[in-house]
Structure formats: structure tokens, C-alpha cells
Amino acid sequence: MTQESIVLENEFAVDNTTENKLAKQAIHVHKFGGSSLATAECIKRVLEIIRQHCQLNDIVVVSANGKTTDALFALYTQAETLQAEKLNADLSNESEAAQIAKLSAELVQSVALLTQLQEQLISELLNENNANTISHLLRKDIEILTTWLSGDLALHHNDILALGEVWSARLLSALLNEQICPSNSIDAREFLVIENEQNCLVDYAISAAQLRQQRQFGKLAVITGYIAKDNRGHNCTLGRNGSDYSATIIAALVAARTVTLWTDVNGIYSADPRVVPNARKLHRLPNGVAKELGRLGNPVLHAKTLLPLVNPLSEHHTHLHVASSFDPQVVGTEIGKFGQIAKQELSVTYLNDLLIAHSESFIGESLLAAKAEFAPICLDEEQGYIVITQAQQKSLSQWLASHDTEVTFKPVSIIATVGHRVAEHGDIRARFKRSLKTAQPLCLANGENNHSLIAVLPEPCSIELLNNVHHDMTKDARHIGVVVAGLGNIGQRFLELLPAQLNRISLLENVHLVGLLSSKKALINNDGIDVNQALTMFEQSAHEYTNEQLLAWLSNHPYDELIVVDITPCEQFSLLYQDFFEQGIHVIGANKWAASSSSEKYQKLIDTAAANHSMWLGNTTVGAGLPINYAIKDLRQSGDEITEISGIFSGTLSWIFQTYDASVPFSTLLLDALAQGITEPDPREDLSGRDVQRKLLILARKAGFELDLSDITCQNLVPESLQGLSTQEFLAQASQLDSYFKEAFESANAKASCIRYVARLQCVEDDNNATNAVAKVKAKVSLEVLPRSDAFATLTPCDNIFKIESRWYQDNALIIRGPGAGRDVTAGGLHSDLVNMCQQLAHKQNKVTIKGINE
């Protein structure tokens, strides 16, 4: 034997000059499923995972390669058929003899194919010396297998099924020795003791002691999954998917910190992703929820697998990971002990091929005995039923016969929503029942520890039903009610756009129109208002209301969130904002009154909204749909400092002064604008400048300046003699405006200039404090004379223009220009706010501390 190599106890050669190449330093159990070990390419990926994630005192548990166990089951069935045919055949009969010969040849061929597949893995992966060693051991096993297949099959049933794991562990251990680190393979039957094959209860004390004897210091143990011995020394299997159970048992025996199940999926999903394409990966699951998922049919989790996660010897908690060996960089699902976030997850699962059994023995104390004996899927003492698998029907009938009671069976299926204590949440129960309306379930039951709500169905659970229930139970968006206040020109257009928006924008899929308000009447419907018939339904069904009645309904609304869209011009309605915010209601406002109220009232609204997690968006209060509010907010959030805001903020005054050229009297132009609907019904509302003054105040506050209306000088273009008149009197005497505006126009025109009504806010240095330059704000709205080359001078009539100067925009100001009024753009701006708000609400959640595995 040379210095470069040694022969290990398991007869594999390892290059002694190759140092341990394992990267991680953590006590961990890794279990690799059959799909992860199916081909040479898969096994190479497994080697790299082990190199990256293991250390020598970790443990690797393996399933049989690919479909090897299925092949061994098939061999057993073929041999069983052959023996039965031999027992009953008349070999003197030529046809019967030929049948026996055919079955014998098929069995031999199947054994040869299985051997060939194993030989192929060995030759593709190992060097020649190690391949020869492993192949020699394989051939010995095949000789024994052939003997078992022709002998007492029942006696060797579990011996035959165990071969797949033995071969898999032996091959992987040889590869590790050759390429990664010292390793030894361990047959779990040498240490793992269970009570019997039916209950698979582990003798932890004996198993732990025997495992300590089997492990070799300085070598990475590769242990067979799926197989064990009972307390009488008989070979046993742990059932289908028993290798996962083996891994968590072994983790409990060595008090491992974590177990990773490496498989062909990258985690646990909110439903079986093979049949529910929109299933979402659940990143963290509490143990109890995971156990219930496994009990109720989750395709990755199995109830037995999760039992040992709390070590019965030490109460040590082991965290379980599910990850994909095909994409090991993707974070999978972790199952363990967590805080609130994991407890908020919901998933949907189902089981077909079940029976509902009704009997008097399922009422009273005998129900407890039945529950202990058969572990039913669900039960109900009042209705006297349990739901079991079809395989349990015979044993249940015999058990009930001993109690001298009758039983009726009916085929059923179940669909369940699973989550932490979901049965205690009335809203989830109601949503689950609504999602099942078309399925007409026979009954609804609570699952174990209230971690599930189970519906018993009279028909097999269809894929369509599963997808529909999953969508209803697990979608991220909250149910959001919307109340629209103000059904004038803009309000009507908002409602006209709403149906298409709800269909087009996925964020709005759970938005429901539930209220319509005018100044005197209201239509409120908890079940929702048809958005396509909203105005018609309002006309037919609206009733008069008081603010007290409105607030009483809003305080008891049945939605996760409620949004009031205020499209009124009314100061009185804006006074309700304080009540809205106190109730956690959100507001989208085109109404300028609240945002331009006194500093004291405005700050109180801001504070109340923040305290109650209410949102308040009002981007249409200035500029209709133009993104001026967004721009100011973005600049401030990015660290810029705004020094000046100016522009033409009134679409009406923009049209008037862009159009006026003194060729016709000003009053004629004004009356024409009134007739076209460009001005307010009383044009003095526009000419007073108050609307522009309020808009400048709103933008100033957005930009971080603490101002009141009184801080903004406002030039009223209506002379005092006309201010106190009625609207009709004013319109009759509007010619009194003509001379003033004609003179102003001609004076400006003589200077190659024009007149425009401009809002302007500037930060200037205080001349009275020259030694310590202090910035103060000057703000005014007034008629200005501007050069015709000015950006404010050449607008399209009705356009607004906003100019922002800041530390970043000094020499070349930021300008936003476009239509500042109009039903389409204003309604569009309101819809922009609605999408923005729903986007924020979709991510709304409580902040909690997440418990990690190291705590």
C-alpha cells in the first residue's frame, strides 16, 4: 500500500493527499431524495451541495436512486406472480409451461435491467478502481436478490425493498471518499429501532446509543433512509416517503440544528404547484401548521416526517428546510418555531378517495376511542361522523361490529385551508365558505389544533375548484371598499373609467365600489355596487342622509380597508376628514379645502392620519393629472431643497389671458368662457385668485414650507364695487372690467410683453439680518407683465405650467406643463392615486420580530 492511498473499512479507495474540501461549519442533516440522485448529473450536483453545505460531523441521508424502489417493488410483484403460476400450473401442459418460462424470462430481464442501471451510475461516476469495488459488491447483492426472488418472498419483502437505499448510500459514500472528504456509509438497520411497521414509533434511547457506535470520527456519515428494524429485530420499512422521516428521526437522535430535504421542488407552496400554477412559495411555516398540511395531503410534507422535529429526549427544536437540489442557490422553505409572519401564511390542500362514516359510535365517549384508533381526517361529534381513507373501511367496519353499532359509508373528498389557528378567525371562515358556494360541501369541520378549516365534498375535488379556492384564500391584495363622494362632471367621468380600470389593473382586483354620495343623497351597499350601472343605481336607490348616518356606517364597514374618494368642491365635506382618519379610513381628495386649511387644522389632520395608519393622497388638488405633487415629493425624498415654485395654476385664467388680445371687450370674452363651461358658474371665483392662492399653499406645504393662506398675497381681479353683488348682478355689470384689462394689455403690449396671472413662491435672504443670512419665504398670486419669450407666456389655452427651482435645478429650472383642468385628465389623476394607494395597501403588514434558527 502506497503512502498516497489507504483502504477504508468499506473497501473504497480515497486519495489521502486530498484535504477535506467541505466549506461550511454547521451541525446539519441533509437528506437527498430519489429525484436528486436519479442520474450521474444529479449526483454530481449533490456532491457540490455537500461540499458547500456540510462538515465532517454532519449526516447525509439518502433515498434510492431515481425509481429504484419502484423497480424493486415491480420485481417483487413479478416474482410473486411467477410463484403463484408455478404453484397452480400443470407443467406437462405445453401452454402453461410456456407461460412459466415467459414469466421467468421477464423476471430475469427485469433484474438485468436494474443491474445495468446501477452499473451505469457506477461506471460514469467512479474511477476505475473504486468502480470495480462497488460493482463487485453490487453483483453479490444481485446474487442474493435472485435467491430471495425464488425463495420465501414474504420473508424477504423488506430485504428486497431495502437494497435501493443500500446501493445509493454506498455509491455516494464512495464518491465522497474519492472527490470530497472521508466518508462511511451506514445501514440504518444497524441502529434505528421502531416499535413496529404499522406505527413506526421510534425507540429514541436505543437508536441514539447505537448510532453513536456506528458513526466514525472524521468521516461524513451517509445513512440509508426508509429502512429500520423493529424491536424484535425484523427488517422494516418506514413507508412511502420514509426517507424524509428517517432524516428527521436521525436529526432528533443527534440533536441536529437543522434538517434539509433536498428534492426536486424548491419549497412548500400554498397549493400543489403542479396543479395550481399561481401557488406561492411559503418561506416559513410553523411546525403545527406544517404538520396539518402534511396530514391533509401536501405533496411534499408528510405528517410522520414532522413528528421528530421536537426531540422527545431533550425538547430540542430542529428546523426543517425544503430545498431543490436542482437549484440549490434558491432559498427554500423553513419549518420550525417562528413569530407572527409565518403564522399569517395561508395555503390550500385537498384529498380525494375518502369516505365519510356515520354511526352512533361517533357520538360521546366512544368517539375518542375511534379517534385514537383511526386518526380520522376530520370528525364531528354532534353530527356523528368521521372521515377516513378508503383503505380504513374494512377495519373500521370490524371495529364498529365489536361495538354492535351500524355504520353508513359515502365516498367524499376534502378541501382545506390551512394556517395558524385559522379556525378561530371568523373572517377566514367566512371567506372560505364564500369560496365554496358552487361546491355545496356536505359539512365544514375544524382541523387539529384549529390549524385548518376542512370542507367535506360530495364529489372528488376538481382542479378548477382547487384553483378557485386557492385564489380566494391566498391572494395578497386586501378587500378594499371605495366610496365616491361628488357625482358632478369629474365624479361621473371617474365612475365611467372605473370598470375598465378594475379589469386592467391587477392591483385593483379586490377593489369594490360600495358607496356613492352627492351633497344630499347616498347609496351604500356592503355587497358592492355594479360599477357598470353605478349612476343608474344611484338615481334609482339613493336616499337622503346625514353626516352622522354616514359616519355610523363608515365606522362599521366590513372591508379590510376603506377609501373615500372626495371629488366635491365642498368645504363642509372636507371637515369630515378628521373623523375618517380617526377610523383608519383613507382619503383620495381632489377637494382643496382640507389641504389648504389653517396650519393648526392641517397639522392635526396629518398627525391623526399617521396615528391611525390612514393614507391621504391629493395629487389632483393642483394641476389635475399633472405630476407636480409627485415631482416635489420625489425631490424632497431624494435630498433636494426647493427654493422657488412658480407658474400658472388656473386653467380658466390660463385660457382667458392666453386668448385675450383686446380685440373684443374683456367682459365679452369672460361671458364666452362662462358659456363654454371654462369658468366657474360665478366667474368671480376664478378672478378672485383664491383658487390659485390655495393651490400655491398646497404646493408650498408639499415642499416643506410652513405657511397659511394669510402668508400668500392675493390680487383679486374683481374690483370692490362688483364683489358684493349677486352672480346675475355681477354678470350684468361685467363691462366694468373692460377698461382695466384693456389698459393692462396695451401697456404690456407696448413693451413687447403680455399679462398673465402668476403664482410665485420664493426663498429670499432677510435684508434685516445680513450678518446671519436667514432665508424667508415670499409668496403671492397676481397679474404680472411678462416678456413674450417667457415660458409662462406661450401656453396652449387652459394649460397649467409649474416651474421648480432648487439646489439641483438652479440654472435650468424644472418645468412641468400640460392641461391643468378637464374631466379626463382630472379623473385620470384620481385613478392614479387609487392605484398608488392600493399598491401601498397590498404591502401593508405589521412589523414583527422573526425568530431565526440561531435563537
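Which unit do strand 3, helix 1 and strand 4 make? Strand 3, helix 1 (residues 40-53) and strand 4 make a right-handed β-α-β unit. Right-handed here refers to the crossover: with the strands pointing away from the viewer, the path from the first strand over the helix to the second runs clockwise. Helices (H or I, at least four residues) and strands (E, at least two) are DSSP runs, numbered from the N terminus.

## Basis of the report

The structure is a predicted model, in which local features need pLDDT of at least 70 and side-chain atom pairs count only at pLDDT 80 or more, while totals for chains, interfaces and linings use all residues. Residues are numbered from 1 along each chain as its sequence is written, and side-chain values use heavy atoms, with hydrogens and water left out.

Strand 4 (residues 59-62) is covered on both faces. Ile-59 and Val-61 are buried on one side, and Val-60 and Val-62 are buried on the other. A residue is called buried under 20% relative accessible area, exposed over 50%, and partly exposed in between (1.4 Å probe, protein chains only).

Strand 4 pairs with strand 3 (residues 28-32) in the parallel sense, over four bridges; two strands pair if DSSP finds at least two bridges between them. In this pairing, Val-29 stands opposite Ile-59. Strand 4 also pairs in the parallel sense with strand 7 (residues 220-224), over four bridges. There, Ile-223 of strand 7 is the bridge partner of Val-61.

## Two nonpolar cores

A nonpolar core is a set of buried Ala, Val, Leu, Ile, Met, Phe, Trp, Tyr and Cys residues joined through side-chain atoms within 4.5 Å. The largest such core has 110 residues, and among these Leu-172 and Val-387 touch the most other members. Helix 5 (residues 153-179) gives the most to this core, with 13 residues.

Leu-172 touches Ile-43, Val-46, Leu-47, Ile-50, Val-60, Val-62 and Val-222, leaving aside residues up to four places away in sequence. Contact means heavy atoms within 4.5 Å. A second, separate core of 76 residues includes Leu-554, Ala-595, Ile-656 and Leu-669.

## One face of helix 17

In helix 17 (residues 547-554), the residues Leu-550, Leu-551, Trp-553 and Leu-554 are buried. Seen down the helix axis, the buried residues of helix 17 fall within an arc of 160 degrees, so they line one face of the helix. The arc is that of the directions from the helix axis to the C-beta atoms. These buried residues pack against several elements, including strand 22 (480-485), strand 23 (511-517), helix 18 (571-574) and helix 19 (577-582).

## Aromatic pairs

A pair of aromatic rings is described by the distance of the centres and the angle of the planes. Rings of Phe, Tyr and Trp (its six-membered ring) pair if their centres lie within 6.5 Å; planes under 30 degrees apart count as stacked, over 60 as edge-to-face and the rest as tilted. The structure holds 15 aromatic pairs. One of them is the stacked pair of Phe-32 and Trp-262, with 6.1 Å centre to centre and 10 degrees between the planes. Phe-32 lies in strand 3 and Trp-262 in strand 10 (residues 258-263), so the pair ties together parts that are 230 residues apart in sequence. Phe-32 is buried, with a relative accessible area of 0%, and Trp-262 is buried, with a relative accessible area of 4%.

The rings of Tyr-602 and Trp-616 have centres 6.0 Å apart and planes at 55 degrees, so this pair is tilted. Tyr-602 belongs to helix 20 (residues 599-611) and Trp-616 to strand 28 (residues 616-617), 14 residues apart. Both Tyr-602 and Trp-616 are buried. Together with Phe-573, Tyr-577, Phe-580 and Phe-581, they form one aromatic cluster.

## Selected single residues

Asp-799 is found in strand 33 (residues 799-806) and counts as buried, at 10% relative accessibility. Its contacts include Ile-648, Ser-654 and Arg-817.

Arg-421 has a positive phi of about 55 degrees although it is not a glycine. Arg-421 sits in the loop between strand 19 (408-418) and helix 13 (426-435) and is partly exposed, at 29% relative accessibility. Gln-440 likewise is not a glycine, yet has a positive phi of about 50 degrees. Gln-440 is found in the loop between helix 13 and strand 20 (443-446) and counts as exposed, at 62% relative accessibility.
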